[in-house]
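Please go through the structure below alongside this briefing. The points that follow are grouped by topic.

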Amino acid sequence: MALTQHDIDLEIAAEHATYEKRVADGAPVEHHPRRDYAPYRSSLLRHPKQPPVTIDVSKDPELVELASPAFGERDITEIDNDLTRQHNGEPIGERITVSGRLLDRDGRPIRGQLVEIWQANSAGRYAHQREQHDAPLDPNFTGVGRTLTDDEGNYRFTTVQPGPYPWRNHVNAWRPAHIHFSMFGTAFTQRLVTQMYFPSDPLFPYDPIIQSVTDDAARQRLVATYDHSLSVPEFSMGYHWDIVLDGPHATWIEEGR
Amino acid sequence: MTKIDTSRPESVLPTPSHTVGPFYGYALPFPGGGDIAPVGHPDTITVQGYVYDGEGKPLPDAFVELWGPDPEGNVSTTDGSIRRDPAGGGYLGRNGVEFTGWGRIQTDANGHWYARTLRPGARGRSAPYLSACVFARGLLVHLFTRIYLPGDKAALAADPLLSGLDAARRDTLIAQDDGKGTYRFDIRLQGEGETVFLEFQ
């Protein structure tokens with residue numbers, strides 16, 4: 001029997017109810033998905049069964065994980081944050097500006113660090129050879145960008161609105177439109193890869209990947225806000241998305257960076 | 001809800017993690033990602049292995065990031081791991097001279113990965129190790145582990161992490177010496193011989 005959207009909907013609802021009950025019974029709020037989240041079928045064989053071993057970083061400030069790889073001006077080019085200018089012609093689609101701040105858990109900006117993005121084109125097709133979705137490639141759009149945060153932790157990308165696309169988790173599975181983000185902090189422990197979504201996407205309830213974040217408030221933090229002040233007149237629509245990196249860091253290393 | 005008001009600490013909450021999905025391959029990996037050691041450096045080691053799922057099948061759609069100190073135990077603050085070409089828009093690659101300590105390596109179609117880096121020196125109370133972070137389609141939150149090198153039994157026995165693990169689990173964190181500076185380190189995401197993964201607090 002092919003797995004239907006209805007089957008997945010029931011599983012998503014059950015996972016959500018289980019989480020809500022755990023929290024009501026006093027368990028801590030979970031900001032991240034559990035790696036073991038069955039509605040996303042690819043997770044079944046790819047999550048550890050053993051609990052992770054906890055390392056208390058306060059016991060050893062010398063841990064290499066408390067430092068972070070460094071990136072600099074030579075790791076990006078000037079137009080790497082403008083995905084509409086990487087080819088000879090203009091990509092097709094609705095131009096957007098996506099901007100926000102990269103922060104740590106204390107709300108302090110993470111300066112001069114690498115932010116990488118990748119996304120589907122406006123038709124919902126990735127420029128990836130294994131992508132099977134029968135939607136047109138755009139010769140003027142690759143969908144890859146990178147930038148360094150500035151002294152206030154700001155990043156900014158110009159791109160086109162990605163399209164939603166089908167995938168094979170179950171019959172008639174569709175991913176809400178999203179942009180993949182990869183970030184570094186001041187410590188390797190803060191490493192984050194995630195996806196940014198757009199406001200009011202009707203696909204949210206059906207998608208086991210966004211629903212893997214079972215906490216309602218946490219899930220909202222993956223959704224950008226439309227920001228008219230970021231819209232560029234006669235050019236692009238603006239979205240604001242701040243990112244907060246989890247994970248402990250050695251605050252004393254950051255001084256002077 | 002995604003404008004964070006930093007004057008209200010209670011509103012500064014983590015952005016949730018998500019899987020990298022299947023299509024990062026044209027975005028994140030870069031040429032020479034695993035060639036971390038400066039060219040011809042005498043302390044170069046090769047680390048290689050496979051990433052396996054719960055059925056023992058290798059993952060062709062995972063990548064590993066390595067992060068380690070130099071042989072003296074110093075952490076690099078040098079950028080330039082993914083130098084770009086401002087003229088053509090492609091990659092220049094590492095310059096082969098400087099050590100950045102960091103690399104990103106995509107598994108190949110067989111699920112195999114390799115890196116050439118510098119033998120890590122000891123830091124603090126730990127035995128020498130490389131930090132490794134695993135990303136894959138199907139993995140909703142990346143996984144941290146460590147690649148310890150065999151050899152110095154006293155240092156391994158005194159390591160605060162290793163000394164707290166039972167023998168079978170401990171061995172999943174210690175690479176196998178294949179001679180000539182080459183080490184094998186397989187990553188098993190689930191099941192028999194499951195690699196020890198770490199969380200930091």
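Predicted model: local features only at pLDDT ≥ 70, side-chain atom pairs only at ≥ 80, totals over all residues.

A:A217 is exposed, because 11 other C-beta atoms lie within 10 Å of its own and a residue counts as exposed at 12 or fewer. A:A217 belongs to helix 2 of chain A.

**A:A217 and helix 2**

- A:A217 and A:H31 lie 186 residues apart in sequence, yet their C-alpha atoms are 8.6 Å apart in space.
- Helix 2 covers residues 216-220 and supplies at least two residues of the side of chain A that touches chain B.

**Chain A as a whole**

- Chain A contains three helices and 12 strands.
- Its radius of gyration is 19 Å, close to the 18 Å that the globule rule gives for 257 residues, so chain A is as compact as a globular protein of that length.
- The C-alpha trace of chain A spans about 60 × 55 × 35 Å along its principal axes.
- Buried residues make up 43% of the 257 residues of chain A.
- Of the contacts in chain A between residues at least 6 apart in sequence, 72% join residues at least 24 apart.

**The four-stranded sheet**

- An open sheet in chain A is built from four strands in the order 4-3-8-9, with antiparallel pairing.
- Strand 4 (144-148) and strand 9 (192-197) of chain A are at the edges; each has a single partner strand, so one side of each is left without a neighbour in the sheet.
- From one strand to the next, the twist averages 20 degrees.
- Strand 3 and strand 4 of chain A run antiparallel and are joined by five bridges; in this pairing A:V115 stands opposite A:T147 of strand 4.
- Five bridges also link strand 3 to strand 8 of chain A, again in the antiparallel sense, and A:I117 has A:F181 of strand 8 as its bridge partner.
- Strand 8 (residues 178-183) and strand 9 of chain A are antiparallel and share six bridges.
- Across that pairing, A:H178 is bridged to A:Y197 and A:I179 to A:M196.

- Strand 3 of chain A is largely enclosed by the rest of the structure, because six of its six residues are buried.
- Strand 9 of chain A is mostly covered, with six of its six residues buried.
- In strand 9 of chain A, A:L192, A:T194 and A:M196 point one way and A:V193, A:Q195 and A:Y197 the other way.

**The side of chain A that touches chain B**

- The contact between the chains involves 75 residues of chain A and 69 residues of chain B.
- Elements of chain A that each supply at least two residues to this side include strand 1 (53-55), strand 3 (114-119), strand 8 and strand 12 (243-244).
- Strand 9 of chain A gives the most to this side, with four residues.
- The residues on this side of chain A divide into 34 nonpolar, 22 polar and 19 charged.

- Strand 1 of chain A and strand 10 (residues 198-200) of chain B run parallel and are joined by three bridges.
- Within this pairing, the bridge partner of A:V53 is B:L198.
- A:I55 is found in strand 1 of chain A.
- A:I55 counts as buried because 21 C-beta neighbours lie inside 10 Å and the cut-off is 20 or more.
- Apart from its neighbours within four places in sequence, A:I55 is in contact with B:L161, B:L198 and B:F200.
- A:I55 and A:A135 are 80 residues apart in sequence and 46 Å apart in space, C-alpha to C-alpha.

**The UniProt domain record**

- An unreviewed UniProt entry places the feature "domain: Intradiol ring-cleavage dioxygenases" at residues 98-126 of chain A.
- The end C-alpha atoms of residues 98-126 of chain A lie 19 Å apart, and the span is 0% helix and 41% strand.

Note on methods:
Residues numbered from 1 in each chain as written. Chains lettered and ligands numbered in written order. Pairing = 2+ DSSP bridges. Axes fitted to C-alpha atoms, helices over the stretch in contact; angles between N-to-C directions. UniProt positions renumbered as here; feature names shortened; annotations may be inferred. Contact = placed C-beta atoms within 7 Å. Nonpolar A, V, L, I, M, F, W, Y, C, P; charged D, E, K, R; others polar. Rg over C-alpha atoms; globule rule 2.2 N^0.38 Å.
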